[in-house]
Amino acid sequence: MAQPTFRIAPSILSANFAKLGEEVQAVIAAGADIIHFDVMDNHYVPNLTIGPVVCEAIRPCTDALIDVHLMVKPVDAIIPMFAKAGANIITFHPEASEHIDRSLGLIKEHGCKAGLVFNPAAPLSYLDYVMDKVDMILLMSVNPGFGGQKFIPATLDKLREARRRIDEYTAKTGKEIWLEIDGGVKVDNIAEIARAGADTFVAGSAIYNTPDYKATIDAMRDELAKV
Ligand code: DX5
Ligand code: ZN
């Protein structure tokens, strides 16, 4: 069987914000694929982070995809702002939108890839009627709001179920959908997570809280090569 494509997406939530542009360039130079951009509003989640102006500021620093994870409620007004700020992928939590199908459509109308994010206890049934509009499914393996939390093991079964849904849909339609995991991903559990079906791995503290980003990303790739 061909080796699946695995993508590593450092979360800049754990970067040094005093030198964010350099931090973005450093992880890409160290072999990461995607920049994961966590947007929190102190309403949908109990923390407050960064908005479209910061996305716009880092956009010229890299050609890598910027993956905007919205932890805000509501979502529709902020979607065009992030699209204009250079986001490539925009994901949101279905509970944070009154009209999920419309919000997905809005992301795509603005030229971005769209995705839904599932909290640890959120059911995958939100996907039932929107698979055609979804380019990415993001499973949270921690409760959203903070970096550095512990991976919730029940997410492994949920990943297997999401993988089954994606494979079935892709076999039927040919459409590619990425399966991303976010929260508590480390060198020592990334292989197990990949075996459960993830292909895109967000890692914040596991990369940015280490002194040598390249050594950490290489170690993650070595683990992924065993899958
Ligand atoms: C949590 C964020 C994550 C966070 C992950 O709400 O969505 O992207 O930065 O951090 P780690 O990898 O440290 O668990
Ligand atoms: Zn995130």
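Where is the place of Phe118? It is in strand 5, residues 113-118; strands are DSSP runs of E, at least two residues, numbered from the N terminus. Phe118 counts as buried because its relative accessibility is 0%; buried means under 20% relative accessible area, with a 1.4 Å probe and protein chains only.

Some ground rules. This is a predicted model, where local features need pLDDT of at least 70, side-chain atom pairs count only at pLDDT 80 or more, and totals for chains, interfaces and linings use all residues. Residues are numbered from 1 along each chain as its sequence is written, chains are lettered from A and ligands numbered from 1 in the order written, and side-chain values use heavy atoms, without hydrogens and water.

Now ligand 1. Around it are 20 residues, each with a heavy atom within 4 Å. Asp38, Gly145, Asp182, Gly204 and Ser205 are the closest.

Next, polar contacts: pairs of N or O atoms within 3.5 Å. A side-chain N or O atom of Ser205 is 2.5 Å from a ligand 1 oxygen. For Gly148, a polar backbone atom is 2.8 Å from an oxygen of ligand 1. His36 has a polar side-chain atom 3.4 Å from a ligand 1 oxygen. On its own, ligand 1 has 380 Å² of accessible area, and the protein covers 100% of that; areas come from the Shrake-Rupley method with a 1.4 Å probe.

Who builds the shell? Strand 2 (34-40), strand 3 (65-71) and strand 8 (200-203) each give two or more residues. Strand 2 gives the most, with three.

Notes:
Polar contact = N/O pair within 3.5 Å; in protein donor to acceptor, adjacent residues only side chain to side chain. Helix = DSSP H or I, 4+ residues; strand = E, 2+ residues; numbered from the N terminus. Buried < 20%, exposed > 50% of the residue type's maximum accessible area, 1.4 Å probe, protein only.
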